[in-house]
Amino acid sequence: MLCEMKNIMILVFLIFFTASKTENGVPMMLLGNWSDSSIVDETYLFFIFTYPEFIPKLRQILGSETYPDYNSITNKLNGHIPMHLLGLLHLSLALRYFHPKAATINPMNDRNSMNDRNSPFNKRPIIRGWAAVNEEKLPQINTHDFQWKLLTHIYGSGNSTNKLRELSHVFHNPRHFFPEIEKISANFAIRDEFLKMKFQSDKPISTINSRCVSNDPFEIIDALLGEYQTLDILNRLKINNTVFSDILTGKPEHEVFEYLPPLDKVPVLEYHDLPSIRKKWGSELKINSSDILSFLRNEKVMIKPQIFISLHSPQSAAILDDVLQTCKHDFPSSFEIVLIADWQNITERQIAYSYFSSLMHIGKRASVEYLLDGLLHGNFEKCYKKTRPVVKWDQLFSEINNATIFKFLNPQIEYMNKHNIKDFTIVVNGQIIRDFPSFTEWKNAIFQQGNRLLEYAKRQMITNQTDIQNFLKSQGIPINSVEKILDIDFNNRLSIDGLSIKSILNIVQSLTPKIKPAFISLKNSPSIPVYYIDSKIPKQILSNKFANSVPSFILYELKKEAFYENNEDPQEILKFIRNSKTIVGPLIFNKILNPAELKYAIFYVKLAFMEKLENHQFTQEQLLYILLWRSSLGLRGIDRKMNLQVNSSAMIHTNILSPLTWTCVMNPFSSEFRMTIEMINQVTNFLIADVKLVPAVPISNLFFGDHLNSVYIPVIITNGISNDIPSCTIECPNNWATVRVGHNHILSHIVSYGFVQESKIIQIGDQIRAPLKNGYFITLLPVGKYKTKGLTEKYFHVDSFIPHPKFFTSNKDIIDIKNNNENDVINVLSIITDISQEDNSRIMLHSLLANCSKKVRFWCFNGYRNGFPKNIETIYLSAFWPHFLSKPKNYLEFSKAAKFALIDLIFPPHIENVLFVDQGIIFRKDVSIFQKLDMEDASVALPLMTSSTSKAFYFNSYDYETSRFKRPFHGTSLAWFNMKTWRETNSGDLYRNLYSKTLKYQIGYNSIDDDLINQLQLKTQLLTLPEETSFCVTNSNMELAEKAFAIALCSTDSYKLSGKEYTELVNAANENIKY
């Protein structure tokens, strides 16, 4: 009874709080661009997902009454379900988490969502889960010891709940609170406690039951619901709760590597003093290293690159030159150089003998220099003589020399024949680099392996005593050839993400048939389930010889017709497995896997999804569910961490009784903290989860970010903000595209994504899409149900506020792509990096319209605060980012990368060309001239960038010149894309791949857009435009200013080149561009 009274008091407080927010006039709202849904429908969907057995009772309780809001629903259900579940329902309904699905299933076209029936938005749903940000300059604050003064104030606020609320108040309005906190005397006992904990303020931790979450409200509620459902299913499957910790803290999906056994006894090229330097580095694994190279500086050899040099490959000379330069420094890796030669060709054999003779007599570095000299100049005999050899060129084949050299050569010849190494090849820690050209990838591969080992060390999979090479062998798919055995991509994945409990259990039980397996591999570890669907199993697989070569598995032969027996919804399982013929754990294949392919797939499942599972016994149902669940999380890029153990008075702990625990260690001065602390307070108020928070302030060097120059107004349980603030911006999930329309903001579309196999063109509603090579595509559509073309599935549902993967199959329909007079339109893409750049963007847009003889269609990320420009067709885009790419560090980095990483996802295939324009550009000549540009085979045209001010400018350095093979360096403030060629050459995939490696493996860069696209010149053709196409005062020759096509606003002097003062430019833009 006491618990119920406490719950009712919380609900009453929330109702009062909600009302108080809107009593000062009509609130500014965010409204959906689609029909509303019933709060009752949303409630039913909640229980279908979390507690299906309650639904009959729910019908009795709710009856046929009308419920005006979510408070009326939760009040009605108070006392009928546990408090944490009631709180989870309350927050789900407040955020309207299930609204998109409800609106798709049962839209309420006649419902009035606002009191004003004359409003043009009176049928649109009210959206929550965002924040209004209003600029208010922070007064000058003395940062000395300010963090300790802050914590003194917070820890003096009373109990844990009060501390959390005070943190929210302070950081939502720092302009009001910071000056008062500055006057406080710091309690340095708090500082001493934080110094003992040694948390890193720049490495936040936020996990719900070990699942990592961001500060996105919908990602947080998605995690709360998902973790609640997961625990429920684990209990339903009767998994021993002592195993829960290993299941929940294991990484959902590891990046999988191959392992080709290395060639032994290869001469090593390295920095001359590296062995003695290694001893100084020590054997301690530096898991808190700030970068990969620091971690690799270890007494142990952690990276082992083997480079097989071909006399006929142009890559050979390039990589030898690069490696020789690298070995002039204490780079923490050695290089093993192997020469490939045709032993039947007398000349090549003599070159090989000369190289090995050099290795024996003049040393490794001099020998590699000789090999490089020969590759560059072609005359190996002459280059060999320059080394003053012990054995003369014409004596290399003498019997004594022949015997000595052949003793070293023979094992190499046998190794290369065995593993089919016939051309230039790089192998790093057993992983073959298959990119082409591969010589540009060796450094990326070293960073990749370093990141891999660092991850293993953090997860305590390796220690100081681990034999690294043996460990790598155990953690790689064993292969015997450089040829790729099996491709595994997104389309090979099964996902239970977003499914109800009933559907998940139906799938698991249907794929655990009550029939005798075709084969069981008897080993003391969980057996990976393998299914051959309506197909015959190859005989070689049904043998102990095969079983002994792979991890434990259990093999079934299944007929699709069997799914119709004793199954309430056979179509559900058939849709789930799609057109597969072989299933291996959570992987599907639309072909019958042969023994080599099946071996590869079984190892892949073990290495990717089975961390911490091998020492436990599971039934087939239990293991299949865990594999499907981990695969679903991995597919979305969701990680899990080990439980954080903190025993300190500095932790704010609510001690709420709940199966859910939210652990958060975060710098309160970071921009992510403001929404995080708001959601933590909501979770605490609703008694949803036990909260453990450490406000990990910087120990030193406190810095106030620009975000603190604002008031933060979260909209979670309210309908909007009470006052219309003209200068406010909207902070919302990054897949939402919002635009201001009159008093309110409209959520115009939500980015959703899916995968389709073997399809070049598909249509969703009126949007035509060209899926990527891996089948990935996105849609820019409001919530709703859309007819499809080119897909077996008839409908595509936009039914979630956050992206969930959807899988489709192609029906090979031919889709007619109409050009619709696109030649009369210039499609322009641009990005506003922040509100301080709005004026620059208006200046750019004004100059664009004034200097273009064609119609302009403007595609814009992060739109103007005042809404759409009236005199130009504008499409606003969200800051959506594909889940399989490393997330940009901030919005500026997103802005730089998006033009290359997203362009083929955003634009439909009938748009032939796109002009990207930086926000800081002033056009001086007719932009439509780009349409006359002869692109030949180029995928993108970019202006040349030189440096008239300094030849030592960063892109003229050795590393940068080498990375682009000494080709011209281009700027990216203007870019003219040939979309057909960009797609045909997979240029978008190439950029995304390099981008992801650069961020994930912490590879240094100066500018993520300029640097990476210039590195790709060997893989995609760039057309070099004259430097004056985009003139920059900072580094262009001033003689080019007069004939500049466009001026980049890279300094204050740039404005003068336009002939007007900055204020004149702004006034002209504002006068001509209306909203």
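Residues are numbered from 1 along each chain as its sequence is written, and side-chain values use heavy atoms, with hydrogens and water left out. Local features need pLDDT of at least 70 and side-chain atom pairs count only at pLDDT 80 or more, whereas totals for chains, interfaces and linings use all residues.

Start with confidence. The chain has an average pLDDT (the predictor's confidence in each residue, from 0 to 100) of 87. A score of at least 70 is reached by 93% of the residues. Helices (H or I, at least four residues) and strands (E, at least two) are DSSP runs, numbered from the N terminus. Over residues 1-24, the model has 27 contacts (heavy atoms within 4.5 Å) beyond four places in sequence. Over residues 110-122, there are 28 such contacts. Where pLDDT is low, the predicted coordinates should not be read in detail.

Now the helix packing. Helix H7 (residues 146-155) packs against helix H8 (residues 160-172) at an angle of about 135°, and the axes are 9 Å apart. That angle makes H7 oblique to H8. Axes are lines fitted to C-alpha atoms, for helices over the stretch in contact, and angles run from 0 to 180 degrees between N-to-C directions. Angles under 35 degrees count as roughly parallel, over 145 as roughly antiparallel, 65 to 115 as roughly perpendicular and the rest as oblique. H7 brings Leu150, His153, Ile154 and Tyr155 to the contact. H8 brings Lys163, Glu166, Leu167, Val170 and Phe171. By class, the contact has 6 nonpolar, 1 polar and 2 charged residues. Ala, Val, Leu, Ile, Met, Phe, Trp, Tyr, Cys and Pro count as nonpolar, Asp, Glu, Lys and Arg as charged, and the others, Gly among them, as polar.

On a 1 Å grid over the protein atoms alone, a cavity is a set of points where a 1.4 Å probe fits but cannot get out, and a pocket is an open set with protein on both sides within 12 Å along at least five of seven lines; lining residues have an atom within 4 Å of a point. Grid points are joined across faces, edges and corners, and a volume is the space filled by probe spheres set on the points.

The second largest pocket holds about 1,400 Å³. Its lining has 37 residues, with Lys101, Leu499, Lys575, Asp799 and Lys806 nearest the centre. Helix H24 (570-577) gives the largest share of that lining, 5 residues. The lining divides into 16 nonpolar, 11 polar and 10 charged residues.

There are 7 cavities of 30 Å³ or more. The largest cavity has a volume of about 190 Å³. Arg211, Gly226, Gln229, Asp497 and Gly498 lie nearest its centre, among 19 lining residues. H11 supplies the largest share, 6 residues.

Finally, the backbone. A cis peptide bond links phenylalanine 436 to proline 437, with omega about -10°. Proline 437 sits in the loop between strand S11 (431-432) and helix H20 (442-458). Arginine 388 has a positive phi, near 55°.
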